[in-house]
Amino acid sequence: MAQTFDRHRRLRKSAAMRNLVRENHVRVEDLIYPLFVVEGTGIKNEIPSMPGVYQLSLDTLAEEMKEIEALGIQAVLMFGVPTHKDACGTEAYNDDAITQQAMRLIKEAHPEMIVIADTCLCEYTDHGHCGVIHEGEVMNDETLKLLGQTAVSQAKAGADIIAPSNMMDGFVVAIREALDEAGFEHIPIMSYAVKYASAFYGPFRDAAGSTPQFGDRKSYQMDASNAREGLREAASDVKEGADFLIVKPGLAFMDMVLRLRENFNLPIVAYNVSAEYSMVKAAALNGWIDEERIVMETLVGFKRAGADLIITYHAKDVAKWLAR
């Protein structure tokens, strides 16, 4: 009988054959692990909504970094949670603030570790918004100056990459100019280019203490319904000097990872955000899912969509699974 169909199963018949033709892989080098640092000593507070993720003081951070490096993870993303907060987020650009201290500590002990500084004001303001407030509105241009100061302070503390997440118009060029003027032309910018106003950030706000005290962030973060707007945002950031482009959240917006991959030649980063992590952890703790398989399918999905790098709270677990 003449064959009238394709034999796709020929390439799936054994594990070795499937390995041979596998198109995408997750490597430990692809992973970026977020860290939350707080003031004080002896602090390792598990975040209730994010099992296995902790707020760390500098001394416990030092121990955490030994484990991270031993697992082969090569990059961390820093978030600071200061005790003092004010209307202008002054601890964001204080050279001796907790985030800057943490970056210096990491670079001194682990000089090869890539330290990425989240550059925003929301963790540092008493109102929880990402910029300067005037009569209830987030002021765009006034905020840009403070973001430039923050980026320079972070670079002075040892940050290898500046990652602005604030979604102010013009934030990339403002930070690029500030870095260049301060002699940091070599420091790249990893822009949160496509960042949506999302419910998937809930657990993160527990970790960073950054919940807005009034209103929401929909006037500066993107509408979850929009895709073409994301391409415009990314194009602006590329024109302004971005070196990486982040999509956040990653899982619910994997189409945007693909769109950016098809339109831009810069490295694309998917942020596997806090609620994406917490949902998997909650289901796994209840015995409802196979955690390892779910996580690995999710991460390889990011790679299949076109992500080069993945920011994920699963990074330590994934590194252990890959090593095994």
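Contact here means heavy atoms within 4.5 Å. I use that cut-off when I ask what covers a helix. The model I am reading is predicted.

**Entry 1: the whole chain**

I began with the overall count. The protein chain holds eleven helices and twelve strands. I then looked up its extent. Along the principal axes, the C-alpha atoms fill a box of roughly 80 × 45 × 40 Å. Next came the radius of gyration. A compact globule of 324 residues would have one near 20 Å, and the chain has 20 Å, which agrees. I checked burial too: 54% of the 324 residues are buried. Last, I took the contacts between residues at least 6 apart in sequence. Of these, 74% join residues at least 24 apart.

**Entry 2: helix α2**

At 1.5 Å a residue, its 13 residues should span 18 Å; the end C-alpha atoms lie 19 Å apart, which agrees. Which residues of α2 are buried? I found Leu58, Thr60, Leu61, Glu64, Met65 and Ile68. Looking down the axis of α2, I see these buried residues within an arc of 145 degrees, so they line one face of the helix.

What covers the buried residues of α2? The cover includes the strands β1 (31–38), β2 (44–46), β3 (54–56) and β4 (75–81). It also includes the helices α3 (98–109) and α11 (315–323). I then moved past the end of the helix. Gly72 follows α2, and its phi is positive, near 90 degrees.

**Entry 3: Asn94**

I found Asn94 in the loop between β4 and α3.

**Entry 4: the listed cysteines**

I looked up where two of them sit. Cys122 is in the loop between β5 (114–119) and β6 (132–134). Cys130 lies in the loop between β5 and β6. Then I checked burial. Cys122 has 7% relative accessibility and counts as buried. Cys130 is buried, with a relative accessible area of 1%.

Conventions
Residues numbered from 1 in each chain as written. Predicted model: local features only at pLDDT ≥ 70, side-chain atom pairs only at ≥ 80, totals over all residues. Heavy atoms only, no water. Helix = DSSP H or I, 4+ residues; strand = E, 2+ residues; numbered from the N terminus. Expected span 1.5 Å × (residues − 1). Buried < 20%, exposed > 50% of the residue type's maximum accessible area, 1.4 Å probe, protein only. Arc of directions from axis to C-beta. Rg over C-alpha atoms; globule rule 2.2 N^0.38 Å.
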